[in-house]
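Please report on the fold of this chain. Cover the sheets, the helix packing and the loops.

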Amino acid sequence: MSRCGDVSLCVLAFLLNLPLALGSEGYFWHVTDNHIDTLYESQQESCNDVFSTEELGIFGMPSCDCPLIFQKSFVGAMESLGPAPEFIVWTGDMSPHVKNESAFKPESVVVASIENVTNLIKEAFPSTKVFPALGNNDCYPKDQLQPHNSTLYTAVGEVWRNWIGEAALQTFHKGGYYSGTIREGENILILNTNLWMVKNGLTRNLNDPASQFKWLEDELERIKTAGEITHIAAHIALGNNEDSANSDLTKKFSDRFNDIVVKYSDIIIGQYYGHTHADTVRMINNKSGDKIVGSAFISPATCGTSWYGGNPTLRMVRYETTDVKLTDIWQYYMNLTKANADPENAEWELEYKFTEAYGVNDISTASLTKVVDSFKETNSPYFAKFIRYRRGMSTSKYNEQSCDYECKKGILCGIEHIWENRFKQCHENVQSNGHVTKVNFYGFIHVCFSIYMLLH
Ligand SMILES: [Zn+2]
């Protein structure tokens with residue numbers, strides 16, 4: 001781990017607002033949804049639009065997944081943008097989205113995609129601990145992660161054997177989940193939340209797919225009893241999808257996951273997820289909804305542009321390694337249009353530093369609560385920033401003008417309600433309030449018209 005030994009470099013880093021490892025501070029990268037498409041130039045299978053060969057940008061297009069050269073670029077950026085990381089957490093969806101899965105993404109392509117990027121990271125960070133998780137696109141057919149041993153878990157387990165270790169392979173083979181150790185007393189639990197996904201037809205009739213709940217509770221109890229702490233990471237976050245009024249996780253699984261996370265919230269110091277390709281957070285409230293007991297971070301996609309639009313992004317998190325707590329985020333992005341226009345000088349730019357962007361001292365649950373509360377103000381400048389940052393400074397889905405009353409309230413329902421009942425109730429309230437607003441507006445016009453008729 002490189003600490004700040006050179007004083008002049010330290011001063012320069014301070015002046016340029018770069019991450020700087022001092023004393024008990026450590027950094028880790030959160031990579032997610034990098035969606036490598038090795039057939040990008042020849043097939044455009046991952047693209048939502050059709051492009052001529054001349055139009056295809058070298059690093060990718062806003063409506064396609066990203067080629068190998070992009071994957072090399074993001075790994076290079078991780079090497080150059082910050083101090084050596086304590087660890088890397090990689091929350092899945094390494095494989096591309098394709099239109100014709102049987103032709104272009106059988107299991108062999110999934111495994112090859114994972115292996116491709118794994119090798120790049122291994123080469124750049126040969127001695128760094130890396131904790132990868134599987135995404136819902138990392139299997140064939142997509143979303144159908146198996147609740148028992150499978151050829152996929154065996155093959156991917158071999159690719160990741162040196163990272164996750166022999167002991168972890170036992171549960172990885174069983175259901176794609178495992179536990180790791182960052183340092184003595186600091187654990188990380190990598191879950192396969194794809195087993196709890198609504199779209200996973202292999203698990204919906206089961207009570208505890210691959211016994212992951214039982215394992216998770218046992219692990220958290222072991223950690224608590226030992227007086228230790230843990231991080232949790234997975235592809236699909238707890239809670240609901242804030243881009244729609246629906247949930248990605250099956251309710252019975254979602255409720256049970258929430259119960260466990262709430263019960264052990266005092267030993268969970270950070271949670272990291274991907275999947276929605278949006279830069280956002282989850283406030284974790286207890287079942288009765290009267291207390292916030294924790295929070296979770298969802299990172300936007302490293303390159304998952306084909307379904308949502310958006311620029312590629314990368315996240316570095318700072319935390320205190322002795323009194324373990326998360327303190328800040330450096331969020332980077334690549335302006336794809338700019339990078340494709342001048343590939344020689346393509347760069348990863350700082351999008352924001354969390355504490356400065358949102359005016360808080362750290363990224364604790366208390367600070368996030370303050371930030372989310374500020375979103376509720378009319379014309380909130382922090383909410384405007386949040387919308388701008390949602391997909392790496394891209395306005396392809398929302399922008400500050402288009403995210404109106406219903407859009408903002410809908411997003412807040414997702415941020416503030418991890419329990420499906422409350423989330424759906426929140427959405428119903430938004431719609432009925434929106435309806436009332438419209439009815440009142442039309443009522444107002446009707447009254448004006450009546451008065452006009454009376455006066456004339
Ligand atoms: Zn994805």
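## First sheet

Strand β1 (residues 25-31) pairs with strand β2 (residues 87-90) in the parallel sense, over four bridges. Strands here are DSSP runs of E with at least two residues, helices are runs of H or I with at least four, and both are numbered from the N terminus. Two strands pair if DSSP finds at least two bridges between them. Phe-28 has its bridge partner in β2, namely Phe-87.

This is a predicted model: local features need pLDDT of at least 70, side-chain atom pairs count only at pLDDT 80 or more, and totals for chains, interfaces and linings use all residues. Residues are numbered from 1 along each chain as its sequence is written.

An open sheet of six strands runs in the order β3-β2-β1-β10-β11-β12, with mixed pairing. Its edge strands are β3 and β12 (348-353), and each pairs on one side only. From one strand to the next, the twist averages 25 degrees. Axes are lines fitted to C-alpha atoms, for helices over the stretch in contact; angles run from 0 to 180 degrees between N-to-C directions.

Another open sheet of six strands has the order β4-β5-β6-β7-β9-β8, and its pairing is mixed. The edges are β4 and β8 (280-285), each pairing on one side only. Neighbouring strands of this sheet are turned by 25 degrees against each other on average, direction ignored.

Strand β4 (residues 178-183) and strand β5 (residues 186-190) run antiparallel and are joined by five bridges. Tyr-178 has Ile-190 of β5 as its bridge partner. The β4-β5 hairpin has two residues between the strands, and its Gly-185 takes a positive phi near 85 degrees. Elsewhere, strand β7 (residues 268-273) pairs with strand β9 (residues 292-298) in the parallel sense, over two bridges. Here the bridge partner of Tyr-273 is Ile-298 in β9.

## Helices α2 and α4

Helix α2 (residues 68-80) and helix α4 (residues 107-124) have axes that come within 10 Å and cross at roughly 30 degrees. That makes α2 roughly parallel to α4. Angles under 35 degrees count as roughly parallel, over 145 as roughly antiparallel, 65 to 115 as roughly perpendicular and the rest as oblique. The crossing of α2 past α4 is right-handed. A crossing is right-handed if the near helix is turned clockwise from the far one by less than a right angle, and left-handed if anticlockwise.

From α2, the residues in the contact are Leu-68, Gln-71, Lys-72, Val-75, Met-78 and Glu-79; from α4, they are Asn-116, Val-117, Leu-120, Ile-121 and Ala-124. Two residues are in contact if their C-beta atoms, placed from the backbone, lie within 7 Å. By class, the α2-α4 contact has seven nonpolar, two polar and two charged residues. Ala, Val, Leu, Ile, Met, Phe, Trp, Tyr, Cys and Pro count as nonpolar, Asp, Glu, Lys and Arg as charged, and the others, Gly among them, as polar.

## Helices α10 and α11

The axes of helix α10 (residues 365-375) and helix α11 (residues 381-389) come within 7 Å and cross at roughly 100 degrees. That makes α10 roughly perpendicular to α11. Val-371, Ser-374 and Phe-375 of α10 meet Tyr-382, Phe-383 and Phe-386 of α11. This contact of α10 with α11 has five nonpolar residues, one polar and no charged.

## The loop between β3 and α5

Leu-134 sits in the loop between β3 (129-132) and α5 (151-175). Is Leu-134 buried or exposed? Leu-134 is buried, with 31 other C-beta atoms within 10 Å. A residue is buried if 20 or more other C-beta atoms lie within 10 Å of its own, exposed if 12 or fewer, and partly exposed in between, with C-beta atoms placed from the backbone. Not counting residues up to four places away in sequence, Leu-134 touches Gly-92, Leu-145, Val-156, Gly-176, Asn-192, Asn-194 and His-235. Leu-134 and Ser-95 are 39 residues apart in sequence, and their C-alpha atoms are 9.8 Å apart in space.

Pro-141 also lies in the loop between β3 and α5. A cis peptide bond joins Tyr-140 and Pro-141, with omega about -10 degrees. Asp-143 is in the loop between β3 and α5 too. Asp-143 is not a glycine, yet has a positive phi of about 75 degrees. Asp-143 is partly exposed, with 16 other C-beta atoms within 10 Å.

## The loop between β5 and α6

Ala-210 lies in the loop between β5 and α6 (212-225). Phi of Ala-210 is near 55 degrees, a positive value in a residue other than glycine. Ala-210 counts as buried, with 24 C-beta neighbours inside 10 Å.
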